[in-house]
Amino acid sequence: MDVGDSYISPRMYTDGATGIDYPQMAYGVSLGFATVGSNGGHNGTSAGPLLNQPEALTDHSWRGVQQATVVSKAVVKAYYGSNALKSYHIGCATGARQGIRVAQVDPELFDGIVAGAPIFNFGNTVMWYGAVLEGIFHGNDSYLTRENWGLVHEELLNQCDDLDGAADGIIEDPRRCHLETLPLNCWVFIREHCFNTPRTFAVEQIFSRLDFGANYSYPGAAYGAEVGIADAFLHNEFLLTLLKEWYYYISPGNVSWQPSDYDTNEAVKSLREAPAELQPLSADLKAFRDHGGKVLHWHGSSDPLISIMNSDNFYDSLLNLTGGGSYSNIDDFYRYFRLSGTGHCADGGPGANYVGQDGRMQVVTANTEDNVLSALAEWVENGKAPEVIRGVKWVDDDPEKDVELARKHCRYPYANRYRGTSDGKDEEGWQCEKL
Ligand code: CA
């Protein structure tokens with residue numbers, strides 16, 4: 001894409017996704033990047049083209065993004081007469097996974113990567129959807145309605161909201177919280193709205209680590225994701241379709257599979273037999289680090305579709321596998337920001353959820369602290385590593401309206417704590433502290 005004659009040696013930006021995202025490409029151009037979009041080798045509306053096509057799966061996993069970038073670097077060079085100054089990748093969920101995977105197979109291709117809510121464990125995540133839809137929710141006794149989830153949310157805020165120093169409706173760090181479910185149970189407290197024991201147990205299961213066996217697990221939902229879970233798991237065919245397509249087209253490739261067939265024994269068999277490209281992603285980024293690459297990783301703590309604890313776990317693995325257990329070995333190239341109260345790929349949530357991760361809001365700011373892509377470029381090009389990422393939330397998430405909230409998000413393992421004297425809505429009262 002043309003970025004104008006003033007750019008002799010443009011930065012390049014590759015958008016990772018499962019389809020060409022034109023608004024996202026326009027966003028890259030608006031920030032002055034020559035921008036590339038790719039569909040990863042198929043149109044992304046179904047996993048059908050991947051059935052018995054290992055090469056197509058490799059394209060989807062990383063090669064589509066990699067090849068699109070290689071070709072586009074040549075286009076940039078031909079058009080501008082010189083190589084791109086730097087090459088960046090930005091993506092969320094699958095797009096983020098693609099970026100990290102490319103950094104492993106072709107560590108010199110990108111100089112920097114913004115990875116939002118990466119789906120590091122694709123199969124495990126889909127199997128968790130199955131466990132929730134077909135296991136935990138199975139039967140009328142344990143099914144949780146939208147109103148039930150509202151009650152869970154209310155109780156969670158009662159117990160955990162002020163653990164960060166401010167009862168502002170945002171749980172800054174779910175790791176501080178442990179939901180005691182007894183107050184929800186009708187056996188314990190008789191009140192107007194309460195749960196039977198199967199529903200109470202279902203709530204505990206949603207927030208608990210799920211072990212499928214054979215080293216396959218999912219960390220469970222993070223506290224604060226419950227409102228999004230109601231939206232995502234109730235009356236929404238998307239997750240059921242993902243589950244079906246996994247069994248139809250990925251592993252074992254059985255198009256007569258029925259959701260009622262789901263059980264955890266079958267799940268672990270399916271995970272074990274899944275193609276290597278969809279096994280949990282390694283946290284070895286040594287080659288990318290040694291090349292000088294930078295990663296700005298972010299994840300919303302209220303993400304109902306990919307639990308933020310997946311990102312916590314990946315960072316901890318990275319610390320050991322790439323950093324040899326020392327933060328100083330990874331902090332110079334990999335920083336992970338946890339966006340409190342932020343939904344999947346920054347879609348909603350009560351927190352300061354817009355950090356420039358996409359062009360959805362049609363609001364562009366190049367201020368490095370307010371924009372993950374600009375922050376990454378500043379880090380790569382000028383060596384200034386981001387300490388915080390400042391997010392904003394507009395009233396009704398509508399950028400045409402006023403800013404309701406702004407907050408600087410901390411980099412892991414730090415978390416925000418309110419030390420101010422107001423109600424937590426003031427930006428300056430928050431400080432990044434280690435737990
Ligand atoms: Ca709070």
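# Reading a predicted model, feature by feature

Tutor: Residues are numbered from 1 along each chain as its sequence is written, and side-chain values use heavy atoms, with hydrogens and water left out.

Student: Are Ala166 and Ile170 buried or exposed?

Tutor: Let me give you the scale. Buried means under 20% relative accessible area, exposed means over 50%, and partly exposed is in between, using a 1.4 Å probe and protein chains only. Both Ala166 and Ile170 are buried.

Student: Now helices. How many residues does helix H3 have, and what is its reach?

Tutor: Helices are DSSP runs of H or I with at least four residues, strands are runs of E with at least two, and both are numbered from the N terminus. To judge length, take 1.5 Å times one less than the number of residues; that is the expected span of a helix. H3 covers residues 94-105, so 12 residues, and it reaches 16 Å from its first C-alpha to its last, close to the 16 Å expected.

Student: How many residues of H3 are buried?

Tutor: H3 is mostly covered, with 11 of its 12 residues buried. Among them are Thr94, Gly95, Arg97, Ile100 and Val102.

Student: How many disulfides does the whole structure have?

Tutor: A disulfide is a pair of cysteine sulfur atoms within 2.5 Å. A search of the whole structure finds 4. With the bonded cysteines numbered in sequence order, the pairing is 1-6, 2-3, 4-5, 7-8.

Student: What is the torsion about the S-S bond of Cys92 and Cys345?

Tutor: The sulfur atoms of Cys92 and Cys345 are 2.0 Å apart, and the torsion is about -105°, so this disulfide is left-handed. Cys92 lies in strand S3 (residues 87-92) and Cys345 in the loop between strand S8 (334-339) and helix H12 (372-382), so the pair ties together parts that are 253 residues apart in sequence. Cys92 is partly exposed, at 23% relative accessible area, whereas Cys345 is buried, at 17%.

Student: Which disulfide is right-handed, with 70° about its S-S bond?

Tutor: That is the link of Cys160 and Cys177. The pair connects distant parts of the chain, 17 residues apart: Cys160 is in helix H5 (residues 146-160), and Cys177 is in the loop between H5 and helix H6 (197-206). Both Cys160 and Cys177 are buried.

Student: Which cysteine is joined to Cys410 by a disulfide?

Tutor: Cys432, with an S to S distance of 2.1 Å. The torsion about the S-S bond of Cys410 and Cys432 is about -90°, so the disulfide is left-handed. Cys410 sits in strand S10 and Cys432 in strand S12 (residues 430-434), 22 residues apart. Cys410 is buried, at 4%, while Cys432 counts as partly exposed, at 33%.

Student: Let's look at the backbone. Where is the cis peptide bond with omega about 15°?

Tutor: That bond joins Ser251 and Pro252. Pro252 lies in the loop between helix H8 (237-250) and helix H9 (264-273). The peptide bond from Tyr412 to Pro413 is cis too, with omega near 10°. Pro413 is in the loop between strand S10 (403-410) and strand S11 (414-418).

Student: What is the phi of Asn215?

Tutor: Asn215 has a positive phi of about 70° although it is not a glycine. You will find Asn215 in the loop between strand S5 (210-213) and strand S6 (216-218), where it is exposed, with a relative accessible area of 81%. Asp397 also has a positive phi, near 55°. Asp397 is found in the loop between strand S9 (388-394) and S10, and it is partly exposed, at 24%.

Technical notes. This is a predicted model: local features need pLDDT of at least 70, side-chain atom pairs count only at pLDDT 80 or more; totals for chains, interfaces and linings use all residues.
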